[in-house]
Structures are given as C-alpha cells and as structure tokens.
Amino acid sequence: MGIQQSGDRAFSEILGLRDEIGDIQSAIADFEVGKKVNVAIIAGLLGGKTTLINEIEKLNLNRATRITFSGIIRDKEEISLPEDTMRVVLLDNCHFLYTRKPGGFDILYEFLDMISSQDRVFVTTWNLYSWKYLNGAFEIGKYFPVQILIPSLEKEGIRSLILKRYEEGEIIFNNGGESEKEPVIYIIPYPLELASLGRKIIIPVPKINIPYLKRRFLKEEEKGKKKEEETAEYRVFEKIHLESKGNPGVAVKVWELGLHYPHISPEKIGQFSYDIKLEYDEAFILHLILSYQGLKKDEIADMIGSTLRVNETIFRLLNQELIFKLEDDSFRVRPEALRSVIAYLEKLRLVW
Amino acid sequence: MVDGINGETGREQLLEALRSIEMQTLIDLILIVITAYILGRIVTVVLSKLSENMSREGRIKVKMIIPAIRFVFYAIAFYNILMEIFSIFGPELFLLTGLLGAAIGFGVKDLFADFIGGIVITFEKPYQIGDKINIGNYYGEVRDIGLRATKLITPDDNTVTAPNSLIFNEAIASGNYGVSEMMVVIDLYIAGESDVKTAMRILRETVVSSKYIYVSEKRPVILLHKAFPFYTRLRAKAYVNDLRDEFEFESDVHTKAWIEFQKKNIRAPQLHILNIPPVGDEYESDRATRRNVGSDQRTGTGSESDSDSRKSFEL
C-alpha cells in the first residue's frame, strides 16, 4: 500500500520501538539456546507492524525466512514451509489465516499446529481486532508467549517520520496568511472520539503558543529558521498528532492531504469526522474490512453468504467515503476515516 | 369518661381541620402530584430517547439512572405533601395516620406493597431498565420501572405490567444484569451415532463466526456435550453482543450449523426408532413467555431443523 510503504522507509529509520525490537531479538536469542517461543506483533490498521517486522528481517537477514500473506488463505499448501526454511520464520499479516464462517478455521488450526510443533521460532504480525477476536474465540494468545503491542507514536516521532522523507528546508511551513503576528494563544480543534455516541467530534481548545513564549521570554537562539515558520511547524505536527492519535499511516495520509508542495500550514491540516449511518449487517461488513485490513468482494461474500448484499454494502460504504478500492480490487478503510470508523464500531461493540 | 370526652373532642378537631382545608391547598396538593408525574415522564422519555442513540453499553447505563431520578421527584413531592398536611392538621395528624393505617391495612395494602417494592427495586436493583428478566410468569426486556409496576416487553412484543410487589414473593432472574451482552444457551440435538467431535467443531465455528456474538477472554464460548440413549445433545453457551439480538443469534447459529451438519452427514435424531408419533409443534411465543424454569427457555427460536430435533427431545 502506497501510504504505508512511503512511511515505512522513514519509520524504520526512526522507529522508536527499541524496547519492542529488543524483546523480539531476545525471544529469538532464547530460542537459539533451546527455549521454544513464538512472537505476535499486534497493531491496528496502518499501525506499523509491517515496518517492525521489516526491521526484524534486516536484523536477522542470514537466519530468517519471510512470508507475507496478502489475501485470505484457503489452501493448506500455502502455509506449509519449504524444506530450506530457516530457523527464524517471519510471517506478515497472519490475520488472513482464517475465514469468519463455519468451516473457515481449518487453516488456522493447521497453522497453530505448525507453530507449536516445528523446531522454529515464528515471528508473526496480526491486526489488532482480528487478534482480539481470535484470542477470545480460540485462545491463540497461548501459542505466543511474547506479544508485542505496537504503541502510538509521540508528536516528535510523527514529525521525524514525515520530515525524513524530505531534504532539510524543502518544506516551507507558514501560518497560511492567517495573520502576520504570531498569536500568544490560539485555538486548536481537538478531535474527541465518543464511543458511546459512535462519533468523532471536534472541540475547539485554546492553547498557549509555547515556542513563541520561549523565544520571547527565554530569549532562545534562532537556529537558522524563521520564527513564524517554527511556530507553524509546531502547530502542523500538533494537529497531525491529534488527528492521527499517533498512528503513523494515518499521520502520513493527513500530511499528504494538507500538503501543497512545498507549502504547508496548520489551517490546511484537515479534521475528519464522519457521521456514519449503517445497518447492522453493513456495519458488520465494515468491521470485517477493518479486521482483515483489506478484503475483496468475493472474500466478503464468502463470509456473508450473499454477493448481492455485499454489493449493496460496498456501494454504501464507498458512498459514505469510509472505504476505498485498491489496485488489487481489495477494499480498505480510508486512513482519514479510521478513527470515526473505530468509534462507530466500538459503539456497536463490533470491535472492542 | 374523660377519655370519651377527649376522643370526641379529637374527632371534632379533625373534622374542623378537614373543613378548614381551602380549595387553594387542595389544588396545590394536586399540582405537586401532577408536576412530579410530568417531570418523571419527561425524564423517562428524554433519557430513553437519548439512550437509544447511544452505544449498547451506554444505553443500559443511561436507563439505569431513570428510576432513581424519578424517585427523587416523587420523594420531593411526597415531602411537600406531607408538609402541607402537617401544617393543616398539626397534632390531629396522629388521628389521620390511624385512619391511613386502617386504609392501607384493608383497602390499598397491595398498592402500598407495590410502592415499597418500587423503592426496593430503585435502590437494591434486583434488575434495571434494559435488563432481560424472568418475573412472575413472564420473560422480557425491562422497559420501565414505575413506583407501582414494572413494564416488560416480551419477545412477542407484548407489554406486560408486573406489580413491583412480586419481588417479595418471586425469585427474579436477570439475564444480563446491567451489561449489554448476555449469555445465550443454544441446544442442538443430533442422532446418537453422529460424529460428535466433528459436530462440536462445527458448532463452535458456527457460534464464534456469528455476527451477533460477543467473545472475549472474559466472555468465552463454552461447549458441552451430553449423550442420551437415542440422541446426543450439544450445548453452546455464548454471549450475544446485544441482548435484543438474543433470538436472532440463536436462529443464526441453528441455520448455519444445520447446513454444515448436513454437509458432514450429521443427522437429527429419528423418531421412528421408538415408533412414537411426532409431538405437535410447540408455539414459539408460548415458550418465550412461559414461567422460567431454566435458561433453556430463554433461547427460544430455531430453524426448521431445530424443530425436528426438539420433537425428539420431548420423547
């Protein structure tokens, strides 16, 4: 996926996941001395799990085999490992190993048998909601003694992630012509997700302009950057951080939508709130798309049992701009709609 | 003799006090009652409407506070009425309470018991608005808890008004007790010679893949199997996401499970083994509104295949 890949390169450089990488590496080291462990890396959509497993792959280049699942697996042969498979097996997108229907869990049983019986260490990635579901239904957590939940990025992490993609000074931050003078206090629209109402609402919150006050009263040295630009940059990333809730993929998307290359201003950073109205069946399909990260029509129809119903629902979801279609014909939740979709599905308790 | 004179005087004083009640005071008393009732209704309607637009968890939480708020209104009204009465009768109030006691003892004791029941329900919370309960002979979702009676909506959409005093004499079972999810017990009956292991696997997969299920580490799916002489009972205990989908959940599981059973050649028990004619179909709504004798009765609806299996159960 474009967004994730564009962010990946930079993200892997800054990561900020040293503890998580350390845990995975020590699990691999434990395996080398005879302890049987498996690792589950868990994150929401665009949460950075593929980036983390890429990093693990780099660190274990000579002893790891990597397999990536890109659609629902229906054939057991697809998960059988070739003989030359190394002792460290990296499996990306393991949420594709089941189909949510009666008779749709055979691959998962086979997979769980494989990872518990083979003399290899399996480092796997899972979508957060699929993981919670499978752990509740089949207790898959007990097959993975090491579980890594990828944390949200801090504001500085998001800033580094985005700016690493550009040369120094390439992006020009400005206040969008709103006012020439820097404000001491400014209003920031604070996005608040209310699961009880199933909506994301935006509340204006007054904030003190800290960079400006620092310069003004602490007389901090300028570091080759214009004062106004520094404040604008601070506010841009503050808004992106609030909007993305520290999700790297969403942050990159919000940035891309607000960027008028090479200019960007805080006012151009969008605030996305969707008033979602769906029937329960439609919400269930949306939940499937979120849990699998991406699904094709035939895969959804296989689970729902009705192609007609799927067509209707996909139309409704596209119409409400909650999902989009990828080149491989799979549907995904729009990054900018992600928080609204989660709040809505939490309201219905389809995700928790 | 002195007592007789005193008693006579007391009655005269009471009558005098009753005659002295002004029309305005009566109107005030009536207005207090009406105001408390109207405020109670407004709170009920507004909060109920609000809660229906909220999440399932939020819906129940909001509805839980409705009886308490209404009780506060009634308590304030009662206090004001009491003050008015006290100001009118003064020391003769003791005579009035005697009359009131007699009235409660003979005439409106049931009403009084219902009223006390309403207070107990408000504070002790044996059930709350939004719960699915068995009370008396009925099963349904609690829609309103009044001072005198509790209103239930049965699965057949009948509104049942059950007096609050029932809580003193009847055991009350609440299926969810203030939370959105509720355990549903689903029974399937298969022929004794069936492959139970395969049937159990199908049942588990059918239950966990249903769109109505709520499954987590704290709310797991439990499967049980019991063999009888001519058939086998498979029982799934799972939580439905929203208690209002109880019967849809059960129906969904029955439908999908029997489709899978047929693919694997798992059959329903056959009645002809004992040469006993089939028992007449039991009307679904009868089961749903009949007095509860166990959780099985709360999980009423089923597919055609289920009806077949139920017949054999009633051998």
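1. A cavity is a set of points, on a 1 Å grid over the protein atoms alone, where a 1.4 Å probe fits but cannot get out. This predicted model holds four cavities of 30 Å³ or more. The largest cavity has about 90 Å³ of space, a volume being the space filled by probe spheres set on points joined across faces, edges and corners.

2. A word on the ground rules, before you look further. Residues are numbered from 1 along each chain as its sequence is written, while chains are lettered from A and ligands numbered from 1 in the order in which they are written. Local features need pLDDT of at least 70 and side-chain atom pairs count only at pLDDT 80 or more, whereas totals for chains, interfaces and linings use all residues; side-chain values use heavy atoms, with hydrogens and water left out.

3. Which residues line the largest cavity? Chain A gives Arg100(A), Tyr129(A), Lys132(A), Tyr133(A), His287(A), Ser291(A), Leu350(A), Val351(A) and Trp352(A), and Ile213(B) joins them from chain B; lining residues have an atom within 4 Å of a point. H5(A) and helix H10 (280-292) of chain A are the elements that give two or more residues to this lining, and H5(A) has the largest share, with three. Helices (H or I, at least four residues) and strands (E, at least two) are DSSP runs, numbered from the N terminus.

4. By class, that lining has six nonpolar, two polar and two charged residues. Here Ala, Val, Leu, Ile, Met, Phe, Trp, Tyr, Cys and Pro count as nonpolar, Asp, Glu, Lys and Arg as charged, and the others, Gly among them, as polar.

5. H5(A) also deserves a look for its partner in chain B. Helix H5 (residues 128-138) of chain A packs against helix H7 (residues 196-209) of chain B at an angle of about 145°, and their axes are 11 Å apart. Axes are lines fitted to C-alpha atoms, for helices over the stretch in contact, with angles from 0 to 180 degrees between N-to-C directions. Tyr133(A), Ala137(A) and Phe138(A) meet Arg204(B), Val208(B) and Ser209(B) there, contact meaning heavy atoms within 4.5 Å.

6. Within chain A, helix H2 (residues 18-32) and helix H3 (residues 49-59) pack at about 45°, with axes 11 Å apart. That makes H2(A) oblique to H3(A); angles under 35 degrees count as roughly parallel, over 145 as roughly antiparallel, 65 to 115 as roughly perpendicular and the rest as oblique. From H2(A), Glu20(A), Ile21(A), Ile24(A), Gln25(A) and Ile28(A) meet Leu52(A), Glu55(A), Ile56(A) and Leu59(A) of H3(A). The residues of this contact divide into six nonpolar, one polar and two charged.

7. Further along chain A, the axes of helix H11 (residues 297-304) and helix H12 (residues 307-319) come within 8 Å and cross at roughly 125°. H11(A) and H12(A) are therefore oblique to each other. Lys297(A), Ile300(A), Ala301(A) and Ile304(A) of H11(A) meet Thr307(A), Val310(A), Asn311(A) and Ile314(A) of H12(A).

8. Finally, the backbone. Most residues other than glycine have a negative phi, and most peptide bonds are trans. What is the peptide bond from Tyr261(A) to Pro262(A), by its omega? That bond is cis, with omega near 0°, and Pro262(A) is found in the loop between helix H9 (248-258) and strand E9 (263-264) of chain A. Gln293(A) is not a glycine, yet has a positive phi of about 75°; Gln293(A) lies in the loop between H10 and strand E10 (295-296) of chain A.

Technical notes
1 Å grid on protein atoms, 1.4 Å probe; cavity = no way out; pocket = protein on both sides within 12 Å on 5 of 7 lines; lining within 4 Å.
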